[in-house]
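Me: I've got this one open on my screen and want to walk through it with you. Can we start with what "buried" is supposed to mean here?

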Amino acid sequence: MGDELSHILPGLRDTAIITCGAYLIGAVLGAFVAAARRVRRRPVRLLAWSLVELVRAVPVLVWLFLVFYGLPQYGISFSPVVAATLTLGVIASSYLSEIYRGGLAAIGRGQWDASAALGLSRRDTALRVIVPQTLRVSGPAMAGYGIWLLKDSALASTIGVVELTYRASAEAQSTGKGMTVFAIVGVIYLLLGLPLALASRSVDRRMRSRWSMS
Amino acid sequence: MNSSSPADADGTSAPPLVAPASVGVSATGICKEFGDHAALTDVTLDVDVGEVVSVIGPSGAGKTTLLRCINMLEIPTSGRVTVGDVVLEAVDGQLQQPRSVLAALRRSAGMVFQSFNLFPHLTVLRNVAMPQERVLGRSREEAEASSLALLERVGLREKAHAYPERCSGGQQQRVAIARALALKPAVMLFDEPTSALDPEVGAEILAIMRELAADGMTMIVATHEMSFAKEASDRIVVMVDGRIIEAGAPAEVIHNPSHERTRRFLRAVLNR
Amino acid sequence: MIAALAVVAPPDVGSFGYIAGQLLDGLVTALKLTGATLLIALPLALLLAILSDSRLAVARWPALVVVELGRGLPLLILLYLMYQGLPQLAVTLSSFTTALIAFSWATAAYATEIVRGSLGAIPRGQFEAARAVGLSSGDVYRFAILPQAGRVALPPLLNLAIQIFQLTSITFVIGLPEIMQHAYLGTTVNFLYMKTFLMAGALYAAIALPGSALVGILDKRLSRHVQTV
């Protein structure tokens with residue numbers, strides 16, 4: 001088992017880069033998208049909404065192929081890791097924006113009222129009143145999405161990123177011990193997701209109102 | 001809780017809750033429409049410096065909407081609001097003055113809400129201190145010192161490091177009052193401050209409000225509490241269906257209403 | 001003679017019509033896989049949901065492990081596990097069957113959580129009232145609980161079905177002739193990556209977008225009479 005492990009583990013680096021990179025992109029971009037969906041001007045709201053719907057309607061694999069194989073036709077090429085990170089980042093922003101919206105909806109109007117009545121600037125209201133509360137409410141779902149993104153990172157293997165799944169598949173092909181190899185890499189994925197899963201579940205128990213896939 | 005008189009144990013007077021410079025408020029010709037529904041029609045109200053006006057009336061009469069138009073939480077469809085020297089005018093639902101004027105108005109008018117609206121992610125102390133730091137530009141030390149003094153004044157010093165969820169409704173409302181007063185407003189607006197509280201607890205809030213009034217604060221209070229309206233206000237204004245139908249001295253309005261609608265409302269409210 | 005010409009004249013591999021034709025073949029396979037998966041996974045999920053709440057540890061633990069693995073592992077790993085793993089145990093199956101096993105496992109795991117969530121959303125009082133009226137245990141579930149739980153579980157389950165349909169795209173790695181496989185093979189001939197994959201994406205979206213919209217409408221109609229306690 002030690003042999004297989006030493007061949008698979010180096011893939012951890014790219015798995016980590018893609019997962020963390022995409023999450024960061026998604027977390028920041030998602031905030032802008034969520035804000036755009038609450039703007040007063042209808043065209044902006046509609047644009048943001050349709051982008052989110054479009055991103056979610058097309059499978060992740062298709063987006064990966066479009067970015068990695070399609071864009072070079074127009075002169076835009078990325079290395080596999082960068083392509084995977086950027087693509088998953090944009091996809092993450094759609095899902096995270098929905099999570100943020102759920103959190104925002106849970107915040108009563110009174111919070112905006114009180115902030116306005118006190119004379120807090122829009123920036124202070126957003127950063128010191130709204131965002132902290134949104135993060136508190138959305139926290140579990142955000143952790144849950146982190147696990148989802150970890151699982152999606154495996155798809156990067158299809159465009160040639162040498163991460164965990166790619167290495168596992170290569171190892172299985174060369175040794176013929178597919179069951180062993182994938183059992184090992186399966187355990188690795190589970191262990192990676194463990195801290196997030198624990199965090200998400202413990203708070204999830206307190207807020208038992210949503211029933212969704214993650 | 002010490003709803004004490006200004007003199008405390010060692011003989012010195014506790015500082016008044018109010019900054020000495022309160023101003024008058026004028027709302028002229030306020031109209032507010034939500035879609036087809038006219039929530040306020042041509043409402044005019046002038047409040048003198050240091051005057052306490054109670055606004056009473058059935059639910060849906062527009063009391064809350066009027067208060068929210070005065071501090072511009074809602075921009076009126078048309079009308080003018082003057083707080084001290086700050087004048088704001090609305091035409092076709094649009095404010096005619098720049099945001100800086102709006103900010104000035106918000107600084108002079110403090111508001112206390114029916115549902116308290118404390119920031120749940122901040123301790124009681126931070127709830128009162130943070131707005132001072134951000135709006136008045138005070139340092140953290142200054143803001144917290146001032147906050148502690150105010151919390152002391154409303155009897156909640158020991159709750160300074162607790163979170164709002166650990167405080168009872170009455171305590172939360174007291175914090176809310178302290179938070180609004182911390183910004184040294186010239187006018188205080190109260191939107192049914194005791195409606196979400198038990199009568200006993202509500203009485204404590206009303207006691208604080210009476211102290212404020214005695215200290216000379218200009219106050220507009222939307223309320224169902226007839227005792228406060230009768231005993232603590234200088235004037236009562238009756239609103240029905242978005243209009244002011246009657247106004248006058250408390251005793252006059254309550255015992256000798258001139259409008260039939262007022263009589264009906266008072267009968268329902270006072271004979272429970 | 002005309003037939004001979006048809007054989008000799010090559011198809012225009014770059015035309016929309018040709019590509020679309022290829023992709024539509026793949027669509028049928030994808031839909032078949034989705035359908036078959038749901039047929040297996042949903043009853044399995046009901047079973048797993050019951051087992052995971054059982055008082056018997058012997059019943060509970062295996063069910064929980066199956067669910068946690070199905071939900072926690074990337075679907076691609078499950079797919080490879082079946083495809084490259086089963087042969088190690090001297091078991092060889094068609095790519096469709098392999099995909100079916102992996103997808104059913106994952107889908108059953110997610111569906112179990114949805115079912116458990118929907119059962120948990122029924123207020124305690126419902127169970128008690130049904131018992132009090134005199135219904136037997138079986139009837140309590142059959143007539144009082146499951147109809148309500150069903151209403152709650154239906155929209156998320158339908159959304160799950162749509163997601164599974166979209167995930168069939170990954171079976172391209174094991175050579176299943178579904179949409180992405182046809183698309184990828186097509187590009188090796190026509191090199192029109194953008195066009196081909198855009199069409200593939202559009203095909204998925206053509207099902208997913210109306211699907212989600214319909215589920216949204218269904219959700220609103222179903223929750224019309226729901227009281228939040």
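This is a predicted model: local features need pLDDT of at least 70, side-chain atom pairs count only at pLDDT 80 or more; totals for chains, interfaces and linings use all residues.

Me: OK, so in strand S7 of chain B, which residues point which way, and are they buried or exposed?

Reply: B:Ala109 and B:Met111 point one way from S7(B), residues 109-112, while B:Gly110 and B:Val112 point the other way. All of them are buried. In general, side chains in a regular strand alternate between the two faces of the sheet.

Me: What does S7(B) pair with?

Reply: Strand S8 of chain B, residues 187-191, in the parallel sense over 4 bridges. Within that pair, B:Met111 stands opposite B:Leu189.

Me: Switching to the 5-strand sheet in chain B, what's the strand order?

Reply: S2-S1-S4-S5-S6, an open sheet with antiparallel pairing. Strands S2 (37-47) and S6 (94-95) of chain B are at the edges with a single partner strand each, so one side of each has no neighbour in the sheet.

Me: And what packs on it?

Reply: Helix H1 of chain B, residues 63-70, touches strand S1 (25-34), S2 and S4 of chain B, and its direction makes about 120° with that of S1(B). Helix H2 of chain B, residues 99-108, lies across S4, S5 and S6 of chain B, at about 120° to S5(B).

Me: How many bridges hold S4(B) and S5(B) together?

Reply: 6 bridges, joining residues 78-83 to residues 86-91 in antiparallel fashion.

Me: New topic: how many residues of chain A are in contact with chain B?

Reply: 15 residues of chain A, against 17 of chain B. On the chain A side, helices H6 (109-118) and H7 (122-153) each supply at least two residues, and H6(A) gives the largest share, 7 residues. That side divides into 7 nonpolar, 4 polar and 4 charged.

Me: Last one, how do H6 and H7 of chain C pack?

Reply: H6(C), residues 124-133, and H7(C), residues 137-167, pack at about 155° with their axes 10 Å apart. Angles over 145 degrees count as roughly antiparallel, so H6(C) and H7(C) are roughly antiparallel to each other. The crossing is right-handed.

Me: Which residues make that contact?

Reply: C:Gln126, C:Phe127, C:Ala130 and C:Arg131 from H6(C), with C:Val140, C:Ala144, C:Ile145 and C:Gln148 from H7(C). They divide into 5 nonpolar, 2 polar and 1 charged.

How values were computed: Residues are numbered from 1 along each chain as its sequence is written. Chains are lettered from A and ligands numbered from 1 in the order in which they are written. Two strands pair if DSSP finds at least two bridges between them. Two residues are in contact if their C-beta atoms, placed from the backbone, lie within 7 Å. Axes are lines fitted to C-alpha atoms, for helices over the stretch in contact, and angles run from 0 to 180 degrees between N-to-C directions. A residue is buried if 20 or more other C-beta atoms lie within 10 Å of its own, exposed if 12 or fewer, and partly exposed in between; C-beta atoms are placed from the backbone. Ala, Val, Leu, Ile, Met, Phe, Trp, Tyr, Cys and Pro count as nonpolar, Asp, Glu, Lys and Arg as charged, and the others, Gly among them, as polar. Angles under 35 degrees count as roughly parallel, over 145 as roughly antiparallel, 65 to 115 as roughly perpendicular and the rest as oblique. A crossing is left-handed if the near helix is turned anticlockwise from the far one by less than a right angle, and right-handed if clockwise.
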